[in-house]
Amino acid sequence: MNQGIFITFEGADGTGKTTQLASIARLLRQKGHDVVCTREPGGTKAAEKIRSLVLDAELAMGHRTEALLYLAGRADHVSELIAPALESGKIVLCDRFSDSTIVYQGCGRGIPLPALRMLDDFATCSLKPGLTILLDGDPAELAVRRQGRGVSDKFEMEGLEFQAKIRGAFLKLAASEPERIAVIDALQAETDVTEEIMTKIEALLCK
Ligand code: TYD
């Protein structure tokens, strides 16, 4: 059904996903590809509204409520934006997707993984990325790099121990799906990171 290519960017906070996604989009467009850039939480009008709710640090909510909001946003994002773009043959680059839910709500918040996987399948109609770029780095070094940018969301306020846990969970997920998830050292020079990601994407495009 999907003729396009779905690539997601994952990693703990401050790994440079957003910057890398923009660089990769630019390079792919230069090569003539039709690229759609999007993000989670968010990506559509409804999902962006959900984003502002779920990332609001002032708004107390339970972990299950939080998980369901991420998933509700994802359902809209997939049906209204991602699936149609893939059906028309585009390359979709998405800043975070299902792996973030498994890692943050599952390993971070302690929600059982089977429940999350089932709900995520429901939200996405079982859509999976063809490639996931996991930007990985030591949380303490990433925090130094992030200084000056300010703390912006609930998870960033949880501190280094939480970020280390998140990193470990992403790496465990990557080890369980090495075919899909490519782990890239986020602490390299920015241009080296971009080059490594492009190599992975080019290998996928040649398949
Ligand atoms: P965002 O401001 O997009 O930051 P980042 O640059 O780190 O991606 O914040 C997204 C936050 O939402 C991030 O801390 C991870 C969290 N998140 C979840 O907990 N579950 C999810 O399913 C998704 C998509 C994001």
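Reader: Which residues are linked in a network of salt bridges?

Author: A salt bridge here is a side-chain nitrogen of Lys or Arg within 4 Å of a carboxyl oxygen of Asp or Glu. In this structure, Glu-40, Arg-74 and Asp-120 are linked in such a network. Keep in mind that this is a predicted model, where local features need pLDDT of at least 70, side-chain atom pairs count only at pLDDT 80 or more, and totals for chains, interfaces and linings use all residues. Residues are numbered from 1 along each chain as its sequence is written, and side-chain values use heavy atoms, with hydrogens and water left out.

Reader: How many salt bridges does the structure hold?

Author: There are 11 salt bridges in the structure. One of them joins the side chains of Asp-13 and Arg-96, at 3.6 Å from N to O. Asp-13 lies in the loop between E1 and helix H1 (17-30), and Arg-96 in the loop between E3 and H4, so this pair ties together parts that are 83 residues apart in sequence. As for the labels, helices (H or I, at least four residues) and strands (E, at least two) are DSSP runs, numbered from the N terminus.

Reader: Are Asp-13 and Arg-96 buried or exposed?

Author: Buried means under 20% relative accessible area, exposed means over 50%, and partly exposed is in between (1.4 Å probe, protein chains only). Both Asp-13 and Arg-96 are buried; Arg-96 counts as such because its relative accessibility is 10%.

Reader: What about other salt bridges, such as the one between Arg-39 and Glu-48?

Author: Those two side chains meet at 2.7 Å, N to O. Arg-39 counts as partly exposed because its relative accessibility is 33%, and Glu-48 is partly exposed too, with a relative accessible area of 27%. Another bridge to look up is Arg-180 with Glu-177, where the closest N and O atoms are 2.9 Å apart. There, Arg-180 is buried at 11% relative accessible area, while Glu-177 counts as partly exposed at 30%.

Reader: Where is the cis peptide bond?

Author: Follow the chain from Glu-40 to Pro-41: that peptide bond is cis, with omega near -10°. Pro-41 lies in the loop between strand E2 (35-39) and helix H2 (45-54).

Reader: How many aromatic pairs are there?

Author: Rings of Phe, Tyr and Trp (its six-membered ring) pair if their centres lie within 6.5 Å; planes under 30 degrees apart count as stacked, over 60 as edge-to-face, and the rest as tilted. By this rule there are two aromatic pairs. Phe-6 and Phe-97 form an edge-to-face pair, 4.9 Å centre to centre with 90° between the planes. That pair links distant parts of the chain, 91 residues apart: Phe-6 is in strand E1 (residues 5-11), and Phe-97 is in the loop between strand E3 (91-95) and helix H4 (98-108). Phe-6 counts as buried at 4% relative accessibility, and Phe-97 is buried at 1%.

Tyr-104 and Phe-170 form an edge-to-face pair as well, 6.2 Å centre to centre with 75° between the planes. Tyr-104 sits in helix H4 and Phe-170 in helix H7 (residues 160-176), 66 residues apart. Tyr-104 is buried, with a relative accessible area of 4%, and Phe-170 counts as buried at 3%.

Reader: Which residues form the negative surface patch?

Author: Patches are made of residues with over 30% relative accessible area and no salt bridge: like charges are joined within 9 Å, nonpolar side chains (Val, Leu, Ile, Met, Phe, Trp, Tyr) within 5 Å. Lys and Arg count as positive and Asp and Glu as negative, while His and the chain ends are not counted. The negative patch here is made by Glu-141, Asp-185, Asp-192, Glu-195 and Glu-196. Helix H8 (residues 190-205) gives the most to this patch, with three residues. Glu-195 is in helix H8 and is exposed, with a relative accessible area of 57%.

Methods
Areas by Shrake-Rupley, 256 points an atom, 1.4 Å probe, with all protein chains shown as cover. Charge placed at Lys NZ, Arg CZ, Asp CG, Glu CD.
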